[in-house]
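Student: I have a new model open and want to learn how to read it. Can we go through it feature by feature?

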Amino acid sequence: MSRPVKWKKVCCLPETDLFGPLNAKNTEEGIITMSVEEYETIRLIDLEGLLQEECAESMHVARTTVQKIYNDARKKLADALVNGNVLKIEGGNYKLCEEGQENYGCSRCRKRRANARCDKAQL
């Protein structure tokens, strides 16, 4: 019997899910697919500056799981940059965090910033 899927907690989906060189050929062969949870580890660790332990706590998984996801994501980023491939973010085993949940890395999330602007505009 296989192990049940562990859903990773993700703060928000990326606004843009397709990246690549401007002169990329329109072929499906050169597309590298990055999962949403791989994107989230890059966002939390590299952009937000969290430690792997903090990232793991935010995503509700073990640190070793975050380490593997993060290493896979970095390899895909490097492949896309060095080889000029298109990077597409989609799929994965994740659940979006719900409103009102405070967590590491959610303070600068676009979803939270947008809600804060709406709250200020209503005042």
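Student: Let's begin inside. Which residues of the largest nonpolar core touch the most other members?

Tutor: Start with the general idea. In soluble globular proteins, nonpolar side chains tend to be buried together. Now this case, which is a predicted model. The largest nonpolar core has 19 residues, and Met34, Cys55, Met59 and Val66 touch the most other members. At least two core residues come from each of these elements: strand S3 (31-34), helix H1 (36-47), helix H2 (52-59), helix H3 (63-83) and strand S4 (86-89). The top contributor is H1, with five residues.

Student: Which residues does methionine 34 contact, beyond its neighbours within four places in sequence?

Tutor: Methionine 34 is in contact with Tyr39, Ala73, Lys76, Leu77, Leu87, Lys88, Ile89 and Glu90, with those neighbours left aside. Methionine 34 also stands opposite isoleucine 89 in S4.

Student: That brings us to the sheet. In what order do the strands lie?

Tutor: Strands of a sheet pair through backbone hydrogen bonds, either parallel or antiparallel. Here three strands form an open sheet, ordered S2-S4-S3, with mixed pairing. S2 and S3 are the edge strands, each pairing on one side only.

Student: Which pair is parallel and which is antiparallel?

Tutor: S2 and S4 are antiparallel, over two bridges. Look at leucine 18: its bridge partner in S4 is lysine 88. S3 and S4 are parallel, over four bridges. There, isoleucine 31 has valine 86 as its bridge partner in S4.

Student: Which strands does H1 touch, and at what angle to S3 does its direction run?

Tutor: H1 packs on the sheet and touches S3 and S4. Its direction makes about 75° with that of S3. H3 lies across S3 and S4 too, running at about 155° to S3.

Student: Now the cysteines. How many disulfides does a search of the whole structure find?

Tutor: A disulfide is a covalent bond between the sulfur atoms of two cysteines. The search finds zero in this structure.

Student: Why does cysteine 55 count as buried?

Tutor: The cut-off for buried is under 20% relative accessible area. Cysteine 55 counts as buried because its relative accessibility is 0%. Cysteine 12 also counts as buried, at 9%.

Student: Now zoom out. How many helices and strands does the chain have, and what pattern does the chain follow?

Tutor: The chain has four helices and five strands. Along the sequence, the pattern reads β-β-β-α-α-α-β-β-α.

Student: One last item. What share of the contacts with a separation of 6 or more joins residues 24 or more positions apart?

Tutor: Such pairs account for 79% of those contacts in the chain.

Notes: Residues numbered from 1 in each chain as written. Predicted model: local features only at pLDDT ≥ 70, side-chain atom pairs only at ≥ 80, totals over all residues. Heavy atoms only, no water. Core = buried A, V, L, I, M, F, W, Y, C linked by side-chain atoms within 4.5 Å. Buried < 20%, exposed > 50% of the residue type's maximum accessible area, 1.4 Å probe, protein only. Contact = heavy atoms within 4.5 Å. Disulfide = S-S within 2.5 Å. Pairing = 2+ DSSP bridges. Axes fitted to C-alpha atoms, helices over the stretch in contact; angles between N-to-C directions.
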